[in-house]
Amino acid sequence: PRPGTLVYPDGSEQQAPAGIADGRGFYIAVRDAILGRSPQPVTLDDAILVMDVLEAGDVSAAERREVRL
């Protein structure tokens with residue numbers, strides 16, 4: 001994983017280490033939900049909130065400003 005860069009409103013920057021992720025458990029849970037073995041691993045409301053955060057990040061990066069959610 002590569003580190004990311006956090007950019008603050010004052011223009012200062014800080015390196016942010018990337019976490020170690022293993023998405024296999026999530027996809028196992030998706031499979032199980034599709035097969036009716038378990039509930040969905042993420043609710044629709046949570047998925048929409050994540051999309052809001054990602055879109056705000058795009059706007060923030062493009063316009064170099066803080067975006068309120």
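**Legends to the close-up views**

**View 1. Pairing of strands S1 and S2.** Strand S1 (residues 4–7) runs antiparallel to strand S2 (residues 13–16), with 4 bridges between the two; strands pair here if DSSP finds at least two bridges between them. The model is predicted, so local features need pLDDT of at least 70, side-chain atom pairs count only at pLDDT 80 or more, and totals for chains, interfaces and linings use all residues. Residue numbers start from 1 along each chain as its sequence is written, and side-chain values use heavy atoms, with hydrogens and water left out. Leu-6 has Gln-14 of S2 as its bridge partner.

**View 2. The hairpin turn.** A hairpin is formed by S1 and S2, with 5 residues between them. Within the turn, Gly-11 has a positive phi of about 95 degrees.

View 3. The protein chain holds 2 helices and 2 strands, arranged β-β-α-α from the N terminus (DSSP runs: helices H or I, at least four residues; strands E, at least two). Its radius of gyration is 17 Å, well over the 11 Å that the globule rule gives for 69 residues, so the chain is more spread out than a compact globule (C-alpha atoms; the rule is 2.2 Å times the number of residues to the power 0.38). The C-alpha atoms fill a box of roughly 50 × 25 × 15 Å along the principal axes.

**View 4. Burial in the protein chain.** Of the 69 residues, 3% count as buried, that is, under 20% relative accessible area (1.4 Å probe, protein chains only).

Definitions and conventions. Buried means under 20% relative accessible area, exposed over 50%, partly exposed in between (1.4 Å probe, protein chains only).
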